Amino acid sequence: MSTQAMEQAAPEAAVSFPPGFVWGAATAAYQIEGAAAEDGRGRSIWDTFSHTPGKVHAGDTGDVACDHYHRYEQDVATMAGLGLGVYRFSISWPRIRPDGIGPVNPAGLDFYDRLTDTLIDRDIDPVATLYHWDLPQSLEDAGGWATRDTAYRFAEYAAAVHARLGDRISTWITLNEPWCAAFLGYAAGVHAPGRQDPAASFAAAYHLMLGHGLATEALRAGGANRVGITLNPAVVRPADPASAADTAATQLIDGLHNRVFLDPLFGREYPADVLEVARRFGTADWLRDTDAGVIATPIDLLGINYYAPTVVAARGDSPAAGAYPGSEGVAFPPVPGPVTSMGWPIEPASLTTLLTRLAADYPTVPIWITENGAAFDDHLDVATGRVADADRIRYLDGHLRAVHAAISGGADVRGYLVWSFLDNFEWAEGYRKRFGIVYVDYPTQARVPKDSARWYQQVIARHGLPATP
C-alpha cells in the first residue's frame, strides 16, 4: 500500500468509546490450531482442499498452522497482557463430531474446555463461533451445505457443544460469513469445498441460514444467554451514481451479497430479485415457507466482519464473477487509493456507511464488529526483535474512528474485535498474508507482538483513541 498516501491524512482528535464497549480479538480453528490428526479429530473440507494440489498458495495446509492446540496457554497469557476483554475463537466441528453426525468425541470437547477455563482465569470473556468453514468432510461427501440435512446436523452439533461449555460461555456465534462459505466455496470454488456449481451455492446459502436458525433454537433450549451470527455485508456502490445501469448493477450485487442473508434473518421475505437469479440455475425447491420463522429466530447480536468496500459498474461484455452467479454484465472496477497487501482498498468511511445502513434498515439488535483488520508485508527485525507495522496501526485507527462516527450517529455498536490475534493460515493464500497483531515465526512457532499490538493495548487501556498528529 502507499504509506505516503496514508500519512497525508488530516489530524484527528482524541475519541472515547461508550461505557461497556468491549475490546477483543478473533481467530478461527483451522487457521491457528494445527493438530489436524490428533485426539480423534476428523477430516474437514479444508483439510481436503488444502491438500489438493493447486488450491492453496505454495501447497500450504493447516496441519500445524500456529500450533495453538498445544500453545494456547502461552497465547492466552499474551492476550491478557494486551488487556483483551473478549476472545472470539471458533470450534472445530470435526473435533467434536469427526464424521459430522456420530458420537461426540470427548477429547475434542476437552480442548475447548481447557481453553475456556484458561480464558476465564485470565478475565477474558470467551466468545465461541460454532462454524468458521470447517465442515466435516463426511457431510460434504453427502452433499454438504447444498443439502437440507446438513442444517439439522449443525443444530445437533451446536447443542452438543453448548451442553459441555454453556455453563461458562455466555456469547455464541452460530455462523461466520455464510456468504463466503456458500459463494466462495460452492460457486467460485476458491474456498473449500472447491465446487463451481451456482445452483448448489444458492442452496448452500439458504441451508446455512436454516442451520443458523435451528442452532439458535437449540442453543436457546439449552439456556444460552446471548446468541448471534456474524455476516460480512458489503458496502456496494455504483461507479457512477448518476448511471441508472450502474445503480441497477449495485442493486443486484447488494442482493447477492447482503439482502440474501439479512432479509430472512430479520423476518423479511426471501429477496425476490435474488430468487429470480437463483431460479436461472435450478428449481429453488430448497425454499420452504415453513422455514421463515426458524431462520428469523430472534438473535441478541449481529456480528459484522468488515474489510473493504465494493464498487460495481454495468459493463455489457463482462462475464459473471465466480462469487456472484448471475452477474453477467457487471464489472468490479478498482477503488482509487491505498490498498492492503491483499489488494483490498482502504476506506474507513465505508464502515461508517455500512453501520449507518444496518442501523436504519435492520435496527433490532446490537452490533459487534467481530472482525476488522488488514494484511501487510510484515517483517521481523531480528536485531531489535520488533515488527514495525505502522500501516496496520493507521488502518485500525481509521476504522475505529469510523466505528465511533457510526456510534455518534446513532448506530448501536457495542464491541470491536480485531482480526486477527495471530498471523495464521490465510485460507487459499496460505501463510504468505499476515493479518495478526502478533507475529508468528512459523518455523519456530515463536510469537512476537507487533507494534500494532502495543498500540491496541494502549487503545484498550484508555478506552479510546489518542489524537493523531
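**Legends: the chain and Pro126**

The chain exposes about 16,900 Å², and carbon and sulfur atoms supply 53% of it. Areas follow the Shrake-Rupley method with a 1.4 Å probe; for residues, only the protein chains shown count as cover. This is a predicted model: local features need pLDDT of at least 70, side-chain atom pairs count only at pLDDT 80 or more, and totals for chains, interfaces and linings use all residues. Residues are numbered from 1 along each chain as its sequence is written, and side-chain values use heavy atoms, leaving out hydrogens and water.

**View 1. The chain holds 16 helices and 15 strands.** Helices (H or I, at least four residues) and strands (E, at least two) are DSSP runs, numbered from the N terminus. The C-alpha trace spans about 60 × 60 × 45 Å along its principal axes.

**View 2. Of the 469 residues, 60% count as buried.** Buried means under 20% relative accessible area, with a 1.4 Å probe and protein chains only. Contact means heavy atoms within 4.5 Å. Among contacts in the chain with a separation of 6 or more, 77% come from residues 24 or more positions apart.

**View 3. Pro126 lies in strand E4, residues 125–131.** Is Pro126 buried or exposed? Pro126 counts as buried, at 1% relative accessibility.

**View 4. Pro126 and Ile169 are 43 residues apart along the chain.** Their C-alpha atoms are separated by 5.9 Å. Leaving aside neighbours within four places in sequence, Pro126 is in contact with Tyr87, Phe89, Thr116, Leu119, Ile120, Arg168, Ile169 and Thr171.

Note on methods:
Buried < 20%, exposed > 50% of the residue type's maximum accessible area, 1.4 Å probe, protein only.
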